[in-house]
Amino acid sequence: MATTAERFKAAVEARELDGVAELFTEDVRLYSPVKFTPFEGRPMVLGLFGVLLRTFEDFRYVGELAGRAETAAGTAGGTADSEILIFRATVNGKQIHGIDLLQFDEAGRIKEFTVMVRPQSAVQALGEAVLAGLVADGLVPQP
């Protein structure tokens, strides 16, 4: 049977939002490289993923690492099974190198998700494109 990370990777690469949805806890938190506070809850995180799936061009995972790490929320026990998926993509002509840090609850569902990307010019391009998508989808107000 495929792991949660393998199922997540396959769903993202196939751009299947429904396949991603079932892998998140109801209270999932997504920590973005362009926003200080996390996106919280499955509906908001799925809305963001819908925007991301439309925004990234040539998205592909190129590696992975697994282990345990402290969660950002500092939940009881402090650490969780974790997997890092390394990716490459393009946004508005800017090449992005990044990682998705997936952290799992006891049932193996994703409870925390942290995205880190580089270089700075790609972070800026990603932030602008995602904000425009979130506004267009009615998920956040026009700034």
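The model is predicted, so local features are described at pLDDT of at least 70 and side-chain atom pairs at pLDDT 80 or more, while totals for chains, interfaces and linings use all residues. Residues are numbered from 1 along each chain as its sequence is written, and side-chain values use heavy atoms, with hydrogens and water left out.

**Terms for elements and exposure**

Helices (H or I, at least four residues) and strands (E, at least two) are DSSP runs, numbered from the N terminus. A residue is called buried under 20% relative accessible area, exposed over 50%, and partly exposed in between (1.4 Å probe, protein chains only).

**A buried aspartate**

Aspartate 100 is found in strand E5, which covers residues 94-104.

The side chain of aspartate 100 does make a polar contact with the side chain of tyrosine 61, at 2.6 Å. A polar contact is a pair of N or O atoms within 3.5 Å; within protein, one must be able to donate a hydrogen and the other to accept it, and residues adjacent in sequence count only if both atoms are side-chain atoms. Apart from its neighbours within four places in sequence, aspartate 100 is in contact (heavy atoms within 4.5 Å) with several residues, including Phe8, Phe59, Tyr61, Glu83 and Phe113.

**Salt bridges**

How many salt bridges does a search of the whole structure find? The search finds six. Three of them are described here, beginning with the one between glutamate 64 and lysine 9, whose closest N and O atoms are 3.5 Å apart. This pair links distant parts of the chain, with glutamate 64 in strand E3 and lysine 9 in helix H1 (residues 4-13), 55 residues apart. Glutamate 64 is partly exposed at 39% relative accessibility, and lysine 9 is partly exposed at 22%.

Another salt bridge joins the side chains of glutamate 40 and arginine 29, at 3.0 Å from N to O. Glutamate 40 lies in strand E2 (residues 39-40) and arginine 29 in strand E1 (residues 24-31), so this pair ties together parts that are 11 residues apart in sequence. Glutamate 40 is partly exposed at 46% relative accessibility, as is arginine 29 at 26%.

The side chains of arginine 54 and aspartate 137 also meet in a salt bridge, at 3.0 Å from N to O. Arginine 54 lies in helix H3 (residues 42-55) and aspartate 137 in the segment after H4, so the pair ties together parts that are 83 residues apart in sequence. Arginine 54 counts as exposed at 52% relative accessibility, whereas aspartate 137 is partly exposed at 39%.

Two strands pair if DSSP finds at least two bridges between them. E1 and E2 run antiparallel and are joined by two bridges. Arginine 29 has glutamate 40 in E2 as its bridge partner. E1 also pairs with E6, in the parallel sense, over four bridges, and leucine 30 stands opposite phenylalanine 113 in E6.

In helix H1, Thr4, Ala5, Phe8, Ala11 and Val12 are buried. They are on the same side of H1 because they cover an arc of only 130° around the axis; the arc is that of the directions from the helix axis to the C-beta atoms.

**Backbone features**

| Residue | Phi |
|---|---|
| Aspartate 58 | about 55° |
| Asparagine 92 | near 50° |
| Arginine 15 | about 60° |

Aspartate 58 is in strand E3 (residues 57-70) and is exposed, with a relative accessible area of 57%. Asparagine 92 is in the loop between strand E4 (79-91) and E5, and it counts as exposed at 57% relative accessibility.

A cis peptide bond joins arginine 118 and proline 119, with omega about -5°. Proline 119 lies in the loop between strand E6 (110-118) and helix H4 (120-136).

Conventions: A salt bridge is a side-chain nitrogen of Lys or Arg within 4 Å of a carboxyl oxygen of Asp or Glu.
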